[in-house]
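Please keep the sequence and the structure in view while reading.

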Amino acid sequence: MFTKKNIFYFFIFLSLLSETRLQAESNHKIAVIGTGYVGLVAGACLADFGHIVMCCDIDTKKIEMLNEGHLPIYEIGLQEIVDRNFQEKRLIFTSNIPEAIRLCDSVFICVGTPSDDAGKADLRAIYAACKTIGENINGPKVIFVRSTVPPGTVKKLTEIIQLNYQGNEEVIVAFTPEFLREGVSVKDFCHPERVVIGTHSEAAKKTFCEIFHKQYSKNIPFLLTSIESAETIKYASNAFLAVKVSFINEMSNFCDLSGADIVEVAAGMGLDSRIGSQFLKPGPGYGGSCFPKDTLAILNEANVLGVDLKVIQGAVDANEAQMSIVMNKLRRLLQEPLQGKTIAILGLAFKSNTDDVRYSPALKLINSLILEGAKIKAYDPEAMKNTEKQYPEITYTSSWKEAAQNADAMVLTTDWEEFFTIDLPELYQLMKAPFVLDTRNIFSPEELKQEGFIFDNMGHQKR
Ligand code: UGA
């Protein structure tokens, strides 16, 4: 809810944005620390906005790769932007982080904050980055934290920078959470649905407006908040979406037994604008580098504060249980032990349009199948290399057809576009036995039935 003060800030900010739009002429020199999904997309897009960007990473191999024109990640549209800005010398890749800090007037911190063994956000990389920033500040600079961090962290980061800084000027640190979705992150960066800035500093607001004024239209809502609120907005948003996915997954399990069809149920629910139609697709469970880690991190923080977050805990528990539901479906389909069976897995990435396999449900499935003695033939358009690092023992194929050839069953785990057009009669011919488990509900039950498949899906009509 907007307080009067927030609304005031919001309008001041909008007018500041349009003033800056008219006045700003200079391009900025920006250091981006961290070249993962967040940092690389931010760096490349900021260079494309016309700024000089130094993308830094302590991983020298990654920097070498980038300087040779190879991206360490697959992200739609990114290669083109990187190539263009690299050639035009607006985008520089370096592992000399101190130099980048000294040469630039703003610093974006985009390093990873993965979960530690207890589910707590591991802040070692961001602490180290802030120490380096503090040691190298040589004039007025604004630091924007983009990494997802628990509430209260940015305050600590400011102290770390200040402690390592020899000068007397105030260090300005703002928190600007990113809401990028992998697979569409270039689009999300250039055309965000909202921008949240946690700061009370006029200089941070002004710098942010100058950096983004050319690209962001006046129609994008900007929300100015306290740093702690901005930190919490990020966690609350991801946790809410995780709850939504777990909710629809549980409803699909309910539909499996109640005779209802989850696709119809989700369509009916989604027409209520208070619910909305997005994030109502059931699946094998949410994965990726964000929902699993951020839900655990907020639960951890809540635990420290002595607050019980039962709904988020429920979403995490439901997500944990979803793979056993998938495995039970597969066992029921085959009605035989999985030992010695050849299972084709279509899709390894945690969702389509990415090569990211972090916390991917497909990898959980591989693990369970290996434990039961099944043989696996897997195919994914982009994520096989990353999967192979963890599971070198399974067979990787160059097409869905090769994976399906002579398989005892096929499990579809990721909704890549190319799987929507799988020729079902051909699939039937290729497989040894006609068992299909569609965990993303992409195949028409009527067509599967018509072709003679014995199949299951996630709560979708099978009558
Ligand atoms: C998520 C958020 O959507 C972004 O806004 C946020 O910036 C990002 O995390 C982050 O914190 O960096 P992302 O992890 O790329 O983005 O993936 P999503 O598209 O949100 O999907 C997450 C998981 O939920 C996937 O496993 C996906 O398959 C699953 N999902 C999503 C469903 O099973 N059903 C749905 O209807 C939607």
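Predicted model: local features only at pLDDT ≥ 70, side-chain atom pairs only at ≥ 80, totals over all residues.

The text below turns to the surroundings of the ligand and then to one strand and its partners.

The shell around the ligand consists of 20 residues, and the closest are L180, E182, K234, N238 and K281. By class, the shell comprises 10 nonpolar, two polar and eight charged residues. Helices α10 (227-258) and α12 (291-305) each contribute at least two residues to this shell, and α10 provides the largest share, with four residues.

For N238, an N or O atom of the side chain is 2.7 Å from a ligand oxygen. The side chain of E178 likewise places an N or O atom 2.9 Å from an oxygen atom of the ligand, and a polar side-chain atom of R440 lies 2.9 Å from a ligand oxygen. On its own, the ligand has 720 Å² of accessible area, of which the protein covers 91%.

Attention now moves to strand β9 (residues 342-346), in which five of five residues are buried. In a regular strand, side chains alternate between the two faces of the sheet. In β9, T342, A344 and L346 are on one side and I343 and I345 on the other, and all of these are buried.

Two strands pair with β9. Strand β10 (residues 375-379) runs parallel to β9 and is joined to β9 by five bridges; within this pairing, A344 stands opposite K377. Together with helix α14 (residues 361-371), β9 and β10 form a right-handed β-α-β unit. Strand β12 (residues 409-412) also pairs with β9 in the parallel sense, over four bridges, and L412 in β12 is the bridge partner of L346.

Definitions and conventions. Residues numbered from 1 in each chain as written. Heavy atoms only, no water. Near = heavy atom within 4 Å. Polar contact = N/O pair within 3.5 Å; in protein donor to acceptor, adjacent residues only side chain to side chain. Areas by Shrake-Rupley, 256 points an atom, 1.4 Å probe, with all protein chains shown as cover. Nonpolar A, V, L, I, M, F, W, Y, C, P; charged D, E, K, R; others polar. Buried < 20%, exposed > 50% of the residue type's maximum accessible area, 1.4 Å probe, protein only. Pairing = 2+ DSSP bridges. Right-handed = clockwise from strand over helix to strand, strands pointing away.
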